[in-house]
Amino acid sequence: MVAAILITFFTSAIVLLRFNPTNLDPTTIAVSVAILFYHLALSNANHNFYARYAKGQAFDHQKEMAIILGNQGNVVDFNFNADRWFSSVGIELTKNTYENIMTTLTEKGVLISEPLEKENGRDIFFTDNGLPVVLNILFHDLIDKKKRKHGSIVTFRDVTHNRELIEKLEKVANMDALCGLPNRTAYEGAKARFSGEEHLPLSVVSCDVNGLKAVNDTLGHKYGDLLIKIASEVLKETCPSQSFVARIGGDEFIFFLSRHDSQKADAFIKQVKNALTQRKSEYFVISAALGTATRHTLQEDLDNIIDLADSQMYVDKKRMKLEKL
């Protein structure tokens, strides 16, 4: 239509100028120009209307819950998913504020993590039909072309699946694939966890399963793996609550025994040795050399205690070899 009006306007102008240049009718030109601009304005208005409509539809139907806040933190608008969820927990968004919404959620027993800078990254924890749900909060400032802030869009994104995936990956990364015990990576983290005063006296027990190389050389690695699996089961079963055991090498294991003095640690070693010898196998004898050292104060370096326990384990290994002679 715009093209037709332009053609009509210029054709009329050419005809008037060519055949009647002295009596050019300004009204005809004005009307043509007015019609042209009217149509352009109407077309632009329709475009803006559909653009606003499309944006509104996208906002209302986006997967994440979204709330628009004014500069004072008051709720200006919200999408369908936000209205549905907050209504389900008994919170009315209309004429509400973000601060009041967070306060009300806390009063209803919903766990909210401590706020980070500009609230970004804050998490909401709750249960839905008995299943845990985690919502992550993100703020997006509304800035105009003159860099002036007019409010914020707050999105509440369901990151439960991401959290579960991260936990699974962390579990895999910290678990020994063969025996199911924590691995060396987990052991390094446990060193920090057991360094506090609440675990004193802390006894470290170094453990080395006997005969792994001989089993691998004579029976094959399949049976060597079986030896480690059986020994790991015993070590896991005997590990006290609030304590820690990990496989840190091929046949090497380590315990952190919380609130165990040297006497309790010695009794624990006897318990482990008895449990290992009672676990029978038709292919090999199951035993281990163990050594212990105890940390009584925070001034004692934990790495030195670990080294001392390791040294005592080698003393026990030599003693066991001499007893076989």
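I note that the model is predicted.

Next I checked the length of α10. The helix covers residues 302–324, which is 23 residues. At 1.5 Å a residue they should span 33 Å. I found the end C-alpha atoms 34 Å apart, which agrees.

Then I asked which residues of α10 are buried. They are L302, I305, I306, A309, M313, D316, K317 and M320. An α-helix has 3.6 residues a turn, so residues three or four places apart point the same way. I also looked up what covers the buried residues of α10. The cover includes the helices α6 (184–193) and α9 (262–278). It also includes the strands β7 (202–209), β9 (252–257) and β10 (288–295).

Leaving aside neighbours within four places in sequence, A309 is in contact with V204, S206, G291, T292 and A293. T292 is 17 residues from A309 along the chain, yet their C-alpha atoms are separated by 4.3 Å.

Last entry: S152, in strand β6 (residues 149–158). Is S152 buried or exposed? It is buried, because its relative accessible area is 5%. I found a polar contact of 3.3 Å between the side chains of S152 and D141. Not counting residues up to four places away in sequence, S152 touches I67, I68, L69, F139, H140, D141 and L142.

How values were computed:
Residues numbered from 1 in each chain as written. Predicted model: local features only at pLDDT ≥ 70, side-chain atom pairs only at ≥ 80, totals over all residues. Heavy atoms only, no water. Helix = DSSP H or I, 4+ residues; strand = E, 2+ residues; numbered from the N terminus. Expected span 1.5 Å × (residues − 1). Buried < 20%, exposed > 50% of the residue type's maximum accessible area, 1.4 Å probe, protein only. Contact = heavy atoms within 4.5 Å. Polar contact = N/O pair within 3.5 Å; in protein donor to acceptor, adjacent residues only side chain to side chain.
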